[in-house]
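Below is a brief report on a two-chain model. The coordinates come before the commentary.

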Amino acid sequence: MIRLVLLLPLLLAGCTGTTGSEIVTFDAYAAGPEDAAGPGYTFTTSRGYTVSLDRLRLQIGGLYLNRSVPISGGQERSCYLPGIYVAEVTEGLLVDALQPRPQRFPARGSGTRDRALTGEVWLTGGRIDALSDPTVLLDTAGTVSRDGETFPFEAQFTISDNRRPAVVDPARPGASPLCLLRIVSPIPTDLTPSQDGSLLLRIDPRPLFANVDFEQLPLPPSPGAPRRFLDREEGQPSVALFAGLRSALGVYRFSSPP
Amino acid sequence: MPINEAGNLHGNGYADLHFIIPELVEGLRVIEGPFDPRQGNFAVAGSASYELGLRKRGLTIRGTAGSFGTRRLLLTWGPPSGSIGTFGGAELFETEGFGQNRAAQRGTAMGQFEGALPGGSFRVGATAYAASYRSAGVLRADDVARGRADFFDTYDPRQGGDSSRMSLYGDVEQKRGGITYRQGAFLIFRSMRLRENFTGFLLDPQRPVQQPHRQRGDLLDLSVDTITYGARGSASLRSQGPGASSGVELGYFARGDSTASAQLRRQGVPDVPYLRETDLDARLGNVGIYGDVDLRVWRRLTLRGGVRGDFFTYNVLNRCAVAEVRQPSRENPPGDASCLSQQDLGRYRDPTDRVSASALAWLPRGSVLVGPIDSFTFSVSWGTGARSVDPVFINQDRTQPFARLEAMEFGVSYGRTFEHVEVMARSVFFQTKVERDLIFSETAGRNVLAQGTTRTGWVGALRLTGDFFDQAANLTLVKSTFDDTKLLIPYVPDVVLRSDSALHGELPVRLGQRRLQGALASGVTYVGRRALPFGQRSESIFTVDASATLQHQGYELGLIATNLFDRRYRLSEFNYVSDFGSASQPTLVPARHFSAGAPRALFLTFAVHLGGTP
């Protein structure tokens, strides 16, 4: 007993114990699919179109990993809520999604050593809650062919006033903020950030174009010119490509390579 | 007169001590733990009692000037023939403060009159205090490391506060028939406003009922106005027998607090409030009675203890009872209003709600002392206490509107006077369990109720007093854990060391007929690395303060240095989520924040004493 009493001050002075978890920093990267090799990346969609991409760039504003899985059919969510994120990459990167080589984000990511179950890709050039943002978030061009017909196409998408949802309920003017359109979520994932580890986002072009019916694209003003996707919610091809851009399943995949 | 503020929204039990002029403090009596039945609400680790008085009689004018544009003028007076309990004093203080946004101004006045009654004495006094200050708040460590902010910068120059306190008090003490009666009363008017921003632009997500907006800013604008009134009284009987003595004291303490408090959020540009988070009008009552027995059953065995009962009442009007509504009215949409007059589906309801609750706490306490045996005295103490909860946490008929706590300690003290040196030393092991502790919340901007905690530790103290020196040092080691997870409590230091040293006496220099009096003093503070959330530790704090004083007849010249070695340190550190625009996108994972400690400051003091004692 006396020995315990004598030792107690020494034990207490040892700054023992922890409050739990750990703060970590890591490098973050984004890349196209492993089998991409630059311009000319070709694949066939489920609608039977053979797409050859010459350019596919995405403006990623930020990456976030989230500890919770949203409840399907749950109450309306805010764009983001403090207290649920375990990792973030807050400096943006213009990603060439036809390059398989990881492209490093300009600043390291940070987070806590907690398990993440969902991921978020923030598609924005300004702040996520900006009321307007002229930044081109998707910039793509290529050629498409089906049944012997081939034509070029290109698309440049923004998320700004052009996509602001109409207010349906006057009592809820803020029910559909633009920031919800800019955030792709929830992307299923299962990883735990680690100190000096890495976070890799791979972007797969195939599901991006999976449901696009290219034949419905408006004809170009002059023969041989590319058919252009509309930068608004109008027409099947533009709506489908924008839905692909915002698809949480298939297009985006997080991993933590060694 | 109580200092702790019941019902203060910033912190229930918050104590602003700036209304006390240090030169008018004659003594400070600290009682550890809830071991004395006189200790009431908020006495968790202990209680402190300030005894006011002015030993230096006559008139004194003291001026101080120094670093960062700091200036202070202090006037004190006390009639030479009166007791030290009769005095007056007033001060004005201003500083530009170090770094950015730390200017402050203060005015304080205190007066007290102590007189004699047949068989007793009486005392009446008044205090007045008002202050206004700017605050730099916290900085993110990553912003400082990357050069986006300087160590002493601020993110939001609107931070700061205003504080005032006016009080009247009086008490009477009289001895009749071997019983000493005491009766006192007090009346306090208190007001404070606090503007703080811990999280930047984080806590204002777009809600469906609101007009589309960006994050508008998290600056808290908290205000509290309180009137406190009450009384305390006691009667004590002491009897002396051969080899043993005993004492009994019966007493009460009663106070009422009438508070109006509100907390708003202000947006950045323009600087206007956009959200009312809290708006309370509360009437709090606390009546405590106690019986205390002090029994010296044997020359070396003393039993002390008794029972205290505290009755707490709450009557709280919430003026902002409805903040959200499902499916609001389409015809009368609530928009961005904070305090709604709708319930679900848009039906009307009054925006206010009233709740009341009360509870009684029985709090037994006791101590056993054995000694002195060869100058050593051994003691064991145990006690239970109570801390009332913040009115914001009160629900209708809440069965227990207070947190119960239990504390125990055992230790040994040593006291002996040698030829020229008086030695006092203590070694105490302690444990305190709090049923629901208070933990800092950056989103609320204050401490909020959390789960139960236990603190186990040791305190060692040593004091050596001689003819020309005084040395006091104490060391506290503590381990603080949550009862459910056994994880450490954030922000509680494991190790705290404080040492105060003083040399004083006549110098071998004559000026006229008398020798110069001189004094040197130093204070050393060490605070160990505090546990922070997410498994991290803060940096340690080590500062040295020093002063030198020369005195000749009625004149005094002093030089004071704080943080003598100009160590750059973080006064407080936190790990939490904030968004101060440090990155292109919101920062949503925890990061290190700190508030800067003061750099070295030098102050010159000159005082003139007229009349009375030099």
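Pro186(A) sits in strand β12 (residues 183–191) of chain A. Helices (H or I, at least four residues) and strands (E, at least two) are DSSP runs, numbered from the N terminus. The model is predicted: local features need pLDDT of at least 70, side-chain atom pairs count only at pLDDT 80 or more, and totals for chains, interfaces and linings use all residues. Residues are numbered from 1 along each chain as its sequence is written, chains are lettered from A and ligands numbered from 1 in the order in which they are written, and side-chain values use heavy atoms, with hydrogens and water left out.

The bond joining Ser185(A) and Pro186(A) is a cis peptide, with omega about 0°. Chain B has a cis bond from Val269(B) to Pro270(B), where omega is near -10°. Pro270(B) belongs to the loop between β12 (244–266) and β13 (273–298) of chain B.

Positive phi also turns up in residues other than glycine. Gln327(B) has phi near 45°. This residue lies in the loop between β14 and β15 of chain B. Tyr491(B) has phi near 75°. Its place is the loop between β22 (469–482) and β23 (495–511) of chain B. Is Tyr491(B) buried or exposed? Tyr491(B) has 19% relative accessibility and so counts as buried. The cut-offs are these: buried means under 20% relative accessible area, exposed over 50%, and partly exposed in between (1.4 Å probe, protein chains only).

## Disulfides

How many disulfides does the rule count over all chains? The count is 2. A disulfide here is a pair of cysteine sulfur atoms within 2.5 Å. The table sets out the S-S separations and the angles about the bond.

| Pair | S to S | Angle about S-S | Hand |
|---|---|---|---|
| Cys79(A) and Cys179(A) | 1.7 Å | 60° | right-handed |
| Cys320(B) and Cys339(B) | 2.2 Å | -95° | left-handed |

Take the chain B pair. Cys320(B) and Cys339(B) both lie in the loop between β14 (301–318) and β15 (353–373) of chain B, so the link ties together parts that are 19 residues apart in sequence. Cys320(B) has a relative accessible area of 7% and is buried. Cys339(B), at 26% relative accessibility, is partly exposed.

Now the chain A pair. The sulfur atoms of Cys79(A) and Cys179(A) are 1.7 Å apart. Cys79(A) and Cys179(A) are both buried.

## Buried parts of chain A

Why is helix α4 (residues 236–245) of chain A described as largely enclosed by the rest of the structure? Because 7 of its 10 residues are buried. Among them are Pro237(A), Leu241(A), Phe242(A) and Leu245(A). Ser238(A), Ala240(A) and Gly244(A) are buried too.

Ile203(A) lies in strand β13 (residues 198–203) of chain A. Its relative accessibility is 0%, so it counts as buried. Which residues does Ile203(A) touch, not counting residues up to four places away in sequence? Its contacts (heavy atoms within 4.5 Å) include Ala31(A), Gly32(A), Pro33(A), Leu58(A) and Ile60(A). Val95(A), Ala97(A), Val251(A) and Tyr252(A) are also touched by Ile203(A).

## The interface of chain A and chain B

In chain A, 48 residues are in contact with 51 residues of chain B. The chains bury about 4100 Å² between them, 62% of it on carbon and sulfur atoms. Buried area is the accessible area (1.4 Å probe) that two parts lose on being put together, summed over both.

The rule finds 3 salt bridges across this interface. A salt bridge needs a side-chain nitrogen of Lys or Arg within 4 Å of a carboxyl oxygen of Asp or Glu. One of them pairs Arg214(B) with Asp129(A), at 3.5 Å from N to O.

On the chain A side, the elements giving two or more residues are α1 (2–12), β4 (62–66), β5 (85–89) and β8 (109–112) of chain A.
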